[in-house]
Amino acid sequence: MSRIQLALNVDDLDTAVAFYTTLFATEPAKRKPGYANFAVAEPPLKLVLIENPGEGGSINHLGVEVETSDQVHDEIARLSEAGLFTEEQIATTCCFATQDKVWVSGPGGERWEVYTVLADSESFGTAPDPGLIDAEAIGVCCGTTAEAEAEGACCGTEAKEKAVASGAGCCG
């Protein structure tokens with residue numbers, strides 16, 4: 001079963017979790033510091049909440065969760081053949097999960113991922129780099145920082161270059 005993913009920036013994770021638990025009558029499937037996700041059965045939705053104070057109420061990114069790596073690879077081939085720029089991330093760690101994924105950007109700059117979860121992870125996706133704080137790593141991996149939005153490309157900013165150099169599971 002595929003389902004749409006909506007990743008939202010929230011100012012206060014506890015308040016957002018309480019609201020969405022009530023709205024969708026379900027508890028989070030995963031809850032970590034600064035992060036929660038809901039696997040909503042009806043309507044089929046993967047709702048991801050990323051605590052990003054000052055960015056609340058904005059879309060972090062969008063996605064389609066699929067069941068297998070083969071489906072991700074099929075999408076990589078299809079999107080590449082159609083001439084859309086794709087950024088592959090195979091066996092990457094982001095959002096407390098190891099995933100295979102492909103990223104594309106819509107005409108308005110919105111970021112979409114097609115992904116499958118391979119395994120849970122205790123890490124958001126950063127390697128141990130004392131100079132890279134968790135909030136910065138979240139922005140680096142999911143494209144929420146003002147710097148990333150202004151740059152419009154995955155690995156063009158100093159923060160993103162630092163994340164890649166540290167081994168962060170983003171910007172492959």
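Two strands count as paired when DSSP finds at least two bridges between them. Keep that in mind for this model, which is a predicted one.

Let me start with one pair. Strand E6 and strand E7, residues 97–105, are antiparallel and share six bridges. Within that pair, Gln-89 stands opposite Lys-101 in E7. Helix H2, residues 69–81, packs on the sheet here, where it touches E6, E7 and strand E8 (111–120). The direction of H2 makes about 20° with that of E7.

Now the whole sheet. It is open, has eight strands and mixed pairing, and the order is E2-E3-E4-E1-E5-E8-E7-E6. At the edges are strand E2 (30–32) and strand E6 (87–94), each of which pairs on one side only. On average, neighbouring strands are turned by 25° against each other, with direction ignored.

Next, strand E1. Which strand does E1 run parallel to? That is strand E4, residues 45–51, and seven bridges join the two. In this pair Leu-6 stands opposite Leu-47 in E4. With strand E5, residues 59–65, E1 pairs in the antiparallel sense over six bridges. There, Leu-8 stands opposite Ile-59 in E5.

Why is E1 largely enclosed by the rest of the structure? Buried means under 20% relative accessible area. Six of the eight residues of E1, residues 3–10, are buried, so the strand is largely enclosed.

Last, the other helix. Helix H1, residues 13–24, lies across E1, E2, strand E3 (35–40) and E4. H1 runs at about 165° to E4.

Notes:
Residues are numbered from 1 along each chain as its sequence is written. This is a predicted model: local features need pLDDT of at least 70, side-chain atom pairs count only at pLDDT 80 or more; totals for chains, interfaces and linings use all residues. Side-chain values use heavy atoms; hydrogens and water are left out. Buried means under 20% relative accessible area, exposed over 50%, partly exposed in between (1.4 Å probe, protein chains only). Helices (H or I, at least four residues) and strands (E, at least two) are DSSP runs, numbered from the N terminus. Axes are lines fitted to C-alpha atoms, for helices over the stretch in contact, and angles run from 0 to 180 degrees between N-to-C directions. Contact means heavy atoms within 4.5 Å.
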